[in-house]
Amino acid sequence: MITTQTQVAKEQLQKWANALLTQNSETVSQLYAEDATLKPTLDPEHKQNRAGIKGYFDSFLQKGPQCKLLEDDNLRVRVLSEQLILFTGKYEFTLTQQNNDVVIADFVFLYQFNANQNKWEIIKHSSSLSL
């Protein structure tokens, strides 16, 4: 089960990274549960629901982020239940609309399987600059 859930976690992160490439905040925000919370990388304010998360991505996507998972010793997947996966690690953003600045950040994603919609959703996402 661990291998399968690790694959699920990585697939969900890739789905999120691909959504960033659309530069459509609605597409990105639909990956989050309605009552999800986000602690963004480049904003000190916590976002408390999908509407707040969409608002953050309205601004962040203007930077042209391209995200890549960093496969290193920080990468961890913890299966909390059949419906909950905790995924932690680091990712790298290239901000294509800001001189291709590169930002490396630590992340925490908590994914929950929504049986009614038959899909994984992000219920908690925290991201902070790596030092």
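**Close-up views of the predicted model**

**View 1. Strands S5 and S6 side by side.** Ten bridges hold together S5 (residues 101–114) and S6, and the pairing is antiparallel. This is a predicted model, so keep that in mind for every view here. Look for Phe113, which sits across from Trp120 in S6.

**View 2. The turn that links S5 to S6.** How many residues lie between the strands of this hairpin? There are four residues between S5 and S6, and Asn118 has a positive phi near 55 degrees.

**View 3. S6 and its parallel partner, S1.** Strand S6 covers residues 119–129, and strand S1 covers residues 32–39. Which way do S1 and S6 run relative to each other, parallel or antiparallel? They run parallel, with four bridges joining them. To find your way around this pair, look for Thr37, which stands opposite Lys124 in S6. So S6 has S1 as a parallel partner and S5 as an antiparallel one, going by the rule that two strands pair when there are at least two bridges between them.

**View 4. Asn24, between two helices.** Where does Asn24 sit? You'll find Asn24 in the loop that leads from helix H1 (2–21) to helix H2 (25–29). Is Asn24 buried, exposed or partly exposed? With a relative accessible area of 34%, Asn24 counts as partly exposed, because that class runs from the 20% limit for buried to the 50% limit for exposed. Now pick out Lys54 as well: Asn24 and Lys54 are 30 residues apart in sequence, yet their C-alpha atoms are 9.2 Å apart in space.

**View 5. Stepping back to the whole chain.** The protein has three helices and six strands, and starting at the N terminus the order is α-α-β-α-β-β-β-β-β. A compact globule of 131 residues would have a radius of gyration near 14 Å, and the protein agrees because its own value is 14 Å. Of the 131 residues, 44% are buried. Take the contacts between residues at least 6 apart in sequence: 53% of them join residues at least 24 apart.

Note on methods. Residues are numbered from 1 along each chain as its sequence is written. This is a predicted model: local features need pLDDT of at least 70, side-chain atom pairs count only at pLDDT 80 or more; totals for chains, interfaces and linings use all residues. Side-chain values use heavy atoms; hydrogens and water are left out. The radius of gyration is taken over C-alpha atoms; the globule rule is 2.2 Å times the number of residues to the power 0.38. Buried means under 20% relative accessible area, exposed over 50%, partly exposed in between (1.4 Å probe, protein chains only). Contact means heavy atoms within 4.5 Å.
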